[in-house]
Amino acid sequence: MRDIRTVPDPRNTRVLRLEIPEDVSNEFVAFCAERPGYNRHAIPAERTRITAKLKKMLGAEAINFINKTLRDPDRGAISMKPFSGEVLNQAVLSAWITGLGYLVGTPRCDEKNDNLAYFDISSDDPINFNPDAVLPLHTDGTYYNGNTDWIICGKVFDTSTVGGESLLLHVNDWADYSRFSSDEWSSREFVFRGPSAQDPRKAKFGNRGDNGALSLPMFYSQDGKNCVRMAFQWVHPRNDEEANRLCEIFDSLLDAQEDASFALDVGEIYLLDNKTWLHGRARYGTHQPVERRIIRSIGAY
Ligand SMILES: O=C(O)CCC(=O)C(=O)O
Ligand SMILES: [Fe+2]
């Protein structure tokens with residue numbers, strides 16, 4: 001077993017950083033290079049082999065540490081940068097994230113058996129690229145009828161060095177969380193509804209049986225944790241009062257994002273408890289051109 005050190009992440013004291021030794025990265029890269037011919041992480045038998053390899057390489061101690069940290073109500077977040085420079089490519093990052101997902105639980109696959117979703121941003125795409133828009137702090141899987149306990153995001157490429165930083169916020173660092181989770185509105189249910197299976201975004205991000213509608217509270221506690229279910233696009237007010245309450249929450253989150261910046265390097269990964277952490281992305285502003293890809297896995301413990 002390798003000596004895998006953990007250190008506090010300088011960008012956020014709640015996040016623990018796993019330092020992956022170079023020989024571990026190189027061995028994994030060599031393992032991936034053995035079978036370059038197909039999209040390996042989307043093949044069930046290969047996923048099992050990838051997971052077994054990563055399990056052996058990381059060792060029981062590091063894997064226990066990851067699982068304990070992820071479920072810790074005050075932590076719940078891990079960062080690591082297993083690949084950089086020449087050895088970084090989408091196949092190795094995809095395989096690593098896939099194995100990691102199985103070491104913490106069960107990743108959710110789409111109808112093509114792919115556990116990853118691909119989020120591309122390009123300043124050449126005039127319809128979808130808005131340099132002034134943030135991706136507001138949210139949780140994933142809000143309209144999925146099941147547990148989305150964790151998310152893993154990894155950055156494959158990114159041409160910009162300023163703007164578009166990742167945003168990460170733990171609920172206990174959100175000043176208004178205690179008010180929103182305890183006033184007379186806190187236990188009210190809201191309607192969460194996502195895009196239909198026919199929506200072109202579903203074809204792109206992956207159809208994971210998550211196209212229903214749910215009525216659930218946004219603030220709750222579970223397993224001793226302060227939890228949140230937060231979406232902007234997917235929560236639908238039924239009347240003016242609900243709309244006002246939602247906008248009050250959204251405004252509070254826009255204020256909170258000032259302290260949530262977590263600039264992610266190319267080749268870097270964050271692994272979050274999706275109920276105690278919100279994530280998003282800062283605006284780009286004038287910093288262009290932008291070509292960026294994030295790959296993401298979500299799943300249950
Ligand atoms: O683009 C990003 O950095 C975040 C994307 C996102 O929210 C997600 O992967 O769920
Ligand atoms: Fe997200």
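In this predicted model, helix α2 passes helix α3 in a right-handed crossing. The axes of α2, residues 44-71, and α3, residues 90-104, come within 8 Å and cross at roughly 55°, which makes α2 oblique to α3. On the α2 side the contact is made by Arg-47, Ile-50, Thr-51, Lys-53, Leu-54, Lys-55, Ile-63, Ile-66, Asn-67 and Leu-70, while α3 contributes Ala-95, Trp-96, Thr-98, Gly-99, Leu-100, Tyr-102, Leu-103 and Val-104.

Ligand 1 is surrounded by Phe-119, Leu-135, Asp-140, Cys-153, Ser-166, His-279, Arg-281, Ile-294 and Arg-296. Two strands, β16 (277-281) and β17 (291-300), each supply at least two residues of this shell.

| Site | Nonpolar residues | Polar residues | Charged residues |
|---|---|---|---|
| Contact of α2 with α3 | eleven nonpolar | four polar | three charged |
| Shell around ligand 1 | four nonpolar | two polar | three charged |

Elsewhere, an open sheet of three strands has the order β10-β9-β13, and its pairing is antiparallel. Strands β10 (213-217) and β13 (235-236) stand at the edges of the sheet, each with a single partner strand, so one side of each is left without a neighbour there. Strand β9, residues 189-193, is joined to β13 by two bridges, the two strands running antiparallel, and Phe-192 stands opposite Val-235 in β13.

Key
Residues are numbered from 1 along each chain as its sequence is written. Chains are lettered from A and ligands numbered from 1 in the order in which they are written. This is a predicted model: local features need pLDDT of at least 70, side-chain atom pairs count only at pLDDT 80 or more; totals for chains, interfaces and linings use all residues. Two strands pair if DSSP finds at least two bridges between them. Helices (H or I, at least four residues) and strands (E, at least two) are DSSP runs, numbered from the N terminus. A residue is near a molecule or strand if its C-beta atom, placed from the backbone, lies within 6 Å of it. Ala, Val, Leu, Ile, Met, Phe, Trp, Tyr, Cys and Pro count as nonpolar, Asp, Glu, Lys and Arg as charged, and the others, Gly among them, as polar. Axes are lines fitted to C-alpha atoms, for helices over the stretch in contact, and angles run from 0 to 180 degrees between N-to-C directions. Angles under 35 degrees count as roughly parallel, over 145 as roughly antiparallel, 65 to 115 as roughly perpendicular and the rest as oblique. A crossing is left-handed if the near helix is turned anticlockwise from the far one by less than a right angle, and right-handed if clockwise. Two residues are in contact if their C-beta atoms, placed from the backbone, lie within 7 Å.
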